[in-house]
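What follows is a short walk through one structure, starting with a sheet and ending with a few side chains.

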Amino acid sequence: MTGRTGNPEKNAVLLDDTAKAIIRELQLDGRKSYAAIGKAVGLSEAAVRQRVQRLTDAGIMQVVAVTDPLEMGFARQAMIGIKAEGALEPIADELAAMDEIEYVVITAGSFDLLAEVLCESDEELLKVLSERVRSIKGVKVTETFVYLKLVKQTYSWGVR
């Protein structure tokens, strides 16, 4: 496994079987100690710590707390489908800069972009849509899909 550098040829972090095993352990339990991970993958605690640091520095993974939006005061979740004209990246960048938007993807299909938004209320969602999203240059059409119930959310898709 190598770290990221200014040299494009060396920017790719190689995921060997040990790195994948560490990721798998953290996907099962993000609070697992480095010592316990080391026992599971056959490395010392210090070696696991170094590998995790390299994986996070390279942007391969993050170790974060995942919360329930409803419990955190966000009563309204929605996916916004956006049809746009012109370059999509500047639109995606403006969407990504909004605190209320959790993630943005550029897509192929009926919509050019999808953005997931978390708001405290329907009024806040309306304000985000009307005053911010629809005012972005290049946004032509939006369609909002309000979440009624979150049935499944997982971050344990594994490694290849």
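In S4, Val-141 is the bridge partner of Lys-83. That bridge belongs to the contact between S4 and strand S1, residues 76-84, where seven bridges join two strands that run antiparallel. The coordinates come from a predicted model.

The two strands are part of an open sheet of four, ordered S2-S3-S1-S4, with antiparallel pairing. Strand S2 (101-106) and strand S4 (139-146) are at the edges; each has a single partner strand, so one side of each has no neighbour in the sheet. From one strand to the next, the twist averages 20 degrees.

Two helices lie across these strands. Helix H4, residues 88-96, lies across S1, S2, strand S3 (113-119) and S4, and runs at about 170 degrees to S2. Helix H5, residues 122-133, also lies across S1, S2, S3 and S4, running at about 20 degrees to S1.

Turning to the side chains, a search of the whole structure finds one aromatic pair. Phe-111 and Phe-145 are edge-to-face, at 6.1 Å centre to centre and with 90 degrees between the planes. The pair links distant parts of the chain, since Phe-111 is in the loop between S2 and S3 while Phe-145 is in strand S4, 34 residues apart.

Phe-145, at 36% relative accessibility, counts as partly exposed.

Lys-83, the bridge partner of Val-141, also lies over the face of Phe-111, at 5.8 Å from the ring centre.

Methods: Residues numbered from 1 in each chain as written. Predicted model: local features only at pLDDT ≥ 70, side-chain atom pairs only at ≥ 80, totals over all residues. Heavy atoms only, no water. Pairing = 2+ DSSP bridges. Axes fitted to C-alpha atoms, helices over the stretch in contact; angles between N-to-C directions. Contact = heavy atoms within 4.5 Å. Phe/Tyr/Trp six-rings, centres within 6.5 Å; stacked < 30°, edge-to-face > 60°. Buried < 20%, exposed > 50% of the residue type's maximum accessible area, 1.4 Å probe, protein only. Lys NZ or Arg CZ within 6 Å of the ring centre and 35° of its normal.
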